[in-house]
Amino acid sequence: ETRAGVLERERRMPPSSGRNDTRSIAQLNQEVEALEKTRANAQQTREELGRRRENLDYRVMTLDTTYRDAREAAARAVQQKRKRDELAVTLVELQADGAAMGQE
């Protein structure tokens, strides 16, 4: 190998793989394998987190719908109570009118 080729190869190598690096090819291969496993685990984790987020988004949407439905049901219940109260007042008034007519 020419001196220029050696210098070019050394220039392209990261600092950790310079002349002072005493790791063997087997050690480097083990490190590469460990990094590949870490990358694969990170990808699995990212995918799992994506699934969890989708699940949580769905649950939030469901809770929003449930809350809206409950709010609407509560509003209907309040309206029905007002109507019942109005009808009760009308009934009392009619009973009073009927009693007054009966006394005449």
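**Entry 1: Arg 51 and Glu 48**

I looked up where this pair sits: Arg 51 and Glu 48 both belong to helix α2 (residues 25–103), three residues apart, about one turn of the helix. I am working on a predicted model, where local features need pLDDT of at least 70, side-chain atom pairs count only at pLDDT 80 or more, and totals for chains, interfaces and linings use all residues. My numbering runs from 1 along each chain as its sequence is written, and side-chain values use heavy atoms, with hydrogens and water left out.

For helices I take DSSP runs of H or I with at least four residues, for strands runs of E with at least two, numbered from the N terminus.

I then checked the contact itself. Arg 51 makes a salt bridge with Glu 48, and their closest N and O atoms are 3.0 Å apart. My cut-off for a salt bridge is a side-chain nitrogen of Lys or Arg within 4 Å of a carboxyl oxygen of Asp or Glu. As a reminder to myself, side chains of opposite charge can pair when their charged atoms come close.

Next I asked how open the two residues are. I call a residue buried under 20% relative accessible area, exposed over 50%, and partly exposed in between (1.4 Å probe, protein chains only). Arg 51 is partly exposed at 47% relative accessibility, and Glu 48 is partly exposed at 31%.

**Entry 2: Arg 53 and Asp 57**

I moved along helix α2 to Arg 53 and Asp 57, which lie four residues apart, about one turn of the helix. Their side chains join in a salt bridge at 3.6 Å, N to O. Arg 53 is exposed, with 58% relative accessible area, while Asp 57 is partly exposed at 42%.

**Entry 3: the whole chain**

How many salt bridges does a search of the whole structure find? I get five. The protein chain has two helices and zero strands, and buried residues make up 1% of its 104 residues.
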